[in-house]
Amino acid sequence: MWRELASIGRDADSGGYRRYAWTRADADCRAWFKAQADTRGLTYELDRNGNQWAWLGDPAAGDAVVTGSHLDSVPDGGAFDGPLGVVSSFAALDELRARAAQLTRPLAIVNFGDEEGARFGLACVGSRLTAGQLTVEAAHRLTDGDGVTLPRAMEAAGYDPYGIGPDPERLARIGAFVELHVEQGRALDLSGDPVGIASAIWPHGRWRFDFRGEANHAGTTRLVDRRDPMLSYAETVLAARREAELAGAVATFGKISVEPNGVNAIPSLVRGWLDSRAADQSTLDTVVTGIEKAAREYAERNGIDLDVVRESFTPVVEFEDALRDELGRILGARAEQPRPLPVLGTGAGHDAGILSGSIPTAMLFVRNPTGVSHSPAEFAAEDDCVAGVTALADVLEGLACR
């Protein structure tokens, strides 16, 4: 399975993946998922929001145990973020069948669409729509960098954009969702454990900073006469690093748009996107407030107009204690030398976090020895991946065969 996925959407120059929603690479990943379901004799479904489901057992029976993740990527992303969870889910099902496990609850594997938000700027679109956390109107307003709207992109890919929306009936059939994911950090590497359990997802959001100045000639305009928004933006980037360090949080300006974007032109507009995350809401508020305050001071000093817009926000997610503890009990009982598995918080968002407000959710992490993620250098050793599959199979058997 891993080899079959390896070439889809991979850029020959960077070595990273460009699997964006409703593109050719996305279609190829979706075809791969359906082929895996068909090969195993699973019941395949495509829901109203473009999420893919593969069912073992009656989907209408209710109280289902669901696992899976996503197959899309960030720009030049790594091979493991998302796909490891989907591949491991099919492999775990194979393991359950090899064990002749007798399921007492339906089991499903899911591929959520547009989790990374690389094309339209909003993460977890598929799961947000399903959970009713993104309105149809707001989804239809999403636009990519080329001006293509989400409805146009869906139609071009052969999907109906006018059927999207909340899917409470589907969620009501799910008793538990467990997502396996490569760790995006080095906690497991430092503890020496191949697998860990998630405790919570930090609150996080994305803010757009629009610095508006005056376009002019780069060679003939005196420095004192310039209203250069790039200066205020650059100072704000440094302020973000400073505020994050002071608070023990993270803040990143990772995307920028410049107009008119000419080498010999002073910009009229610099638009930067801030991603910030912290262990708690109060700390996150402090960081973002500090960054915005600094940005406004820099803008005023340089004669720049500034608008700040919060484009997305996800509050802290505490995974359900009972399900998290049940995972720990199942895996602890299976271990050759029983000991508690590490329980880790994470600053990365996931579909499991979005769904946690609607159904019981939990997550397993697989060790990432470098801690690098959203990069071609992202990595997990084969032995650790196998340990993740075994752990997921144990969890599914413990939940679905009781």
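In the predicted model, strand β3 (residues 64-70) and β4 run parallel and are joined by 6 bridges. Within this pairing, valine 65 has leucine 107 of β4 as its bridge partner. Together with α3, the strands β3 and β4 make a β-α-β unit that is right-handed. β4 also pairs with β2, here in the antiparallel sense and over 5 bridges, and leucine 56 stands opposite leucine 107 in β4.

The burial of β4 was examined next. Of the 6 residues of β4, 6 are buried. In a regular strand, side chains alternate between the two faces of the sheet. In β4 both faces are covered, with Leu107, Ile109 and Asn111 buried on one side and Ala108, Val110 and Phe112 buried on the other.

Helix α2 comprises 16 residues and spans 22 Å from its first C-alpha to its last, close to the 22 Å expected at 1.5 Å a residue. Its buried residues are Ala25, Asp26, Cys29, Arg30, Trp32, Phe33, Gln36 and Ala37. Viewed down the axis of α2, these buried residues fall within an arc of 155°, so they line one face of the helix. An α-helix has 3.6 residues a turn, so residues three or four places apart point the same way. On the other side of α2, Arg24 and Thr39 are exposed. The buried residues of α2 pack against α1 (2-6), β1 (43-46), β2 (52-56), α3 and β4. Glycine 41, which follows α2, has a positive phi, near 70°.

The largest nonpolar core has 47 residues, and those with the most contacts inside it are Trp32, Phe33, Phe90, Leu327, Leu364 and Leu399. Two or more residues are given to this core by each of α2 (24-39), α3 (83-98), β4 (107-112), β5 (174-182), β6 (195-201), α11 (321-334), β15 (361-366) and α13 (382-400). The most is given by α13, which contributes 9 residues. Leucine 364, when residues up to four places away in sequence are not counted, touches Val178, Glu179, Leu180, His181, Val195, Gly196, Ile197, Leu327, Leu331, Ala391, Leu392 and Val395.

Technical notes:
Residues are numbered from 1 along each chain as its sequence is written. This is a predicted model: local features need pLDDT of at least 70, side-chain atom pairs count only at pLDDT 80 or more; totals for chains, interfaces and linings use all residues. Side-chain values use heavy atoms; hydrogens and water are left out. A nonpolar core is a set of buried Ala, Val, Leu, Ile, Met, Phe, Trp, Tyr and Cys residues joined through side-chain atoms within 4.5 Å. Buried means under 20% relative accessible area, exposed over 50%, partly exposed in between (1.4 Å probe, protein chains only). Helices (H or I, at least four residues) and strands (E, at least two) are DSSP runs, numbered from the N terminus. Contact means heavy atoms within 4.5 Å. The expected span of a helix is 1.5 Å times one less than its number of residues. The arc is that of the directions from the helix axis to the C-beta atoms. Two strands pair if DSSP finds at least two bridges between them. A crossover is right-handed if, with the strands pointing away from the viewer, the path from the first strand over the helix to the second runs clockwise.
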